[in-house]
Amino acid sequence: MPHNISLITTIAAALGAGLLFGYLATRLRLPALVGYLAAGIIIGPATPGFVADTALAGQLAEIGVMLMMFGVGLHFSLDDLWAVRKVALPGAVLQITVATALGMGLAHYWGWSIGGGLVFGLALSVASTVVLLRALEERGILDSFNGRIAVGWLVVEDLVTVLVLVLLPALAGSLGGEAIDAHGGHGGGSGDLWTTLAVTLGQVTAFIVLMLVVGRKLFPWILWQVARTNSRELFTLCVIAAAVGIAYASTHYFGVSFALGSFFAGMVLRESALAHRAAEESLPLRDAFAVLFFVSVGMLFEPSILIEQPLKLLAVVAIIVVGKSVAAFLLVLVLRYPAKTALMVSASLAQIGEFSFILAALGLSLKLMPVEGQSLILAGAIISIALNPVVFRVTRPLERWLSNNAALAAKFDRPADPLAELPMSVPHEHLRGQVVLVGYGRVGRRIAAALKERGIAFVVAEQNREVVDQLRKDGVNAVAGNAGEPAVLIQAHIAHASMLVIATPDTFHVRSMIETARALNPNIKTVVRTHSDEEADLLRNERAGEIFMGEQELAKGMTAYVLDSLNKSDKGHAH
């Protein structure tokens, strides 16, 4: 038996300690990931006793990031990204600029170089997609409009960071560090900088075009061919091989990060009809490696920074948790989105993660940033990740407070938005006995098409302003806003509607929608979409009207078809 079993030892120690401390954390009513981080600190080199292999843990964490980002891609289509581009693109770029400026100002105060301050500020500006996904999944809002904005925002951040990671080596010389030219040598000049920029943009563009043009056809086809073998293990192997293989190829041949490569792998496989099965088959492995990611982050933590530099660490955490959040909140409001959307996005960004560690390591290798900077970034990451669930919990009472203060909420939500009100030109007869349809996603779109085909008047209430704008251009009556707010349903003329159909996946505001509708229209009929038996039972107890759950309706439809087919078969045999 071989004596070198450091890989097995590291995996066993990380998963075992993660299980123990994750369990203890949940018993203490803390998020499990806080336990995973604590496990990493315990088995890391900064604490006495057993020490796991940090280098191996880092590589295992990279696989975790790949699989997590692959899962994001499976759930996040190009259409989703395009739908939130007007808030995610400018919001992410401006938020990175503000957070980087705050970090640079702090670094300048400490006497660091401009280059060190730039790397430090950029590291503090980029939130962790892995942490965000966990937070959104735990709250069941990953597929909601606000969830898509948050994920789209972080995808833009990741794209910006990828560009920074490739350009920083060429710029290092002019920033006070050790320059690396386009060929990997030292001391590159301005010509090499432009060469590097051209090569980088060309590689990234080539990778994206290849994935969107060839990958969207090729990889779903391969997945289908493997599925036809009826071998579950081959199907799972194909999914994992696609995630890791495309991620590796993207880095090796195109200079794109592992995370971004695996994200695009998920996006192209989403084009397959088997995407849902692929997500389910890869979920256990994704969860296991996500634990390894958080444990490996904990292993990098230096507890001594808490004693040696407490004020500096406090300032770093303040920028991450407060500075970034406030900047994001204000930016979302400026872009004319509701205060509740702004609260959710700001809570999502109140942490840093995997790209911050990569930036810090690159800054050190280029001699731009002192070692102290990496320690502060790692400590700030761990503290902000641990605090992130608390930040999310704080948004709930803030949302309720805004709901109870209509005048203040109206100021935040910028009611002057023309899309928040129906045009005066809408015929009066279209606003009597109409159906109010909340949500225009995959389900809502089909309901709207059926109503339109039968000539039934309806008004759509949708949070995505771009969708509302397009609906109005297509001649559909629609208002922009969160239907959990009374003002949105009032604008949809709920007082004179015959039915309220709630087709949005965001079930958090369902009760407030029904309460508003019944207060203004006691005889209105309500139809609600839900996702679980628990939600359905709760809504039935509150007499929420007709309730439809996806799996239940699918089972009913399949059962009806089976019984109908068997009845026809029996009649055929009888004759």
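Mentor: A residue counts as buried under 20% relative accessible area, as exposed over 50%, and as partly exposed in between, with a 1.4 Å probe and protein chains only. This is a predicted model, in which local features need pLDDT of at least 70, side-chain atom pairs count only at pLDDT 80 or more, and totals for chains, interfaces and linings use all residues. Residues are numbered from 1 along each chain as its sequence is written, and side-chain values use heavy atoms, with hydrogens and water left out.

Trainee: Is Lys 367 buried or exposed, and what relative accessible area decides it?

Mentor: The relative accessible area of Lys 367 is 56%, so Lys 367 is exposed. Lys 367 is found in the loop between helix H16 (354-365) and helix H17 (371-404). Helices (H or I, at least four residues) and strands (E, at least two) are DSSP runs, numbered from the N terminus. Lys 367 also has a positive phi of about 60 degrees, although it is not a glycine.

Trainee: How do you know whether Asn 477 counts as buried or exposed?

Mentor: Its relative accessibility is 16%, so Asn 477 counts as buried. Asn 477 sits in the loop between H20 and strand E3 (478-480). Contact means heavy atoms within 4.5 Å. Leaving aside neighbours within four places in sequence, Asn 477 has contacts that include Leu 422, His 430 and Phe 458. Just after H20, Gly 475 takes a positive phi of about 85 degrees.

Trainee: Why is the pair of Phe 207 and Phe 254 called tilted?

Mentor: Rings of Phe, Tyr and Trp (its six-membered ring) pair if their centres lie within 6.5 Å; planes under 30 degrees apart are stacked, over 60 edge-to-face, and the rest tilted. For Phe 207 and Phe 254 the values are 5.6 Å centre to centre and 50 degrees between the planes, and the pair is tilted. Phe 207 lies in helix H9 (residues 190-227) and Phe 254 in helix H10 (residues 232-254), so the pair ties together parts that are 47 residues apart in sequence. Both Phe 207 and Phe 254 are buried.

Trainee: What makes Lys 312 count as lying over the face of Trp 110?

Mentor: The rule asks for NZ of Lys or CZ of Arg within 6 Å of the ring centre and within 35 degrees of the ring normal. Lys 312 is at 5.1 Å from the ring centre of Trp 110 and lies over its face. Trp 110 forms one aromatic cluster with Trp 112 and Phe 120.

Trainee: What makes a set of residues a nonpolar core?

Mentor: Its members are buried Ala, Val, Leu, Ile, Met, Phe, Trp, Tyr and Cys residues, joined through side-chain atoms within 4.5 Å. The largest such core has 133 residues, and those with the most contacts inside it are Phe 120, Trp 153 and Phe 294. A second, separate core of 25 residues includes Val 528.

Trainee: How do you know that E5 and E6 pair?

Mentor: Two strands pair if DSSP finds at least two bridges between them. Strand E5 (residues 525-530) and E6 have 4 bridges and pair in the parallel sense. Val 528 stands opposite Ile 547 in E6. Strand E6 (residues 546-549) has Ile 547 and Met 549 on a covered face, and Glu 546 and Phe 548 on an uncovered one.
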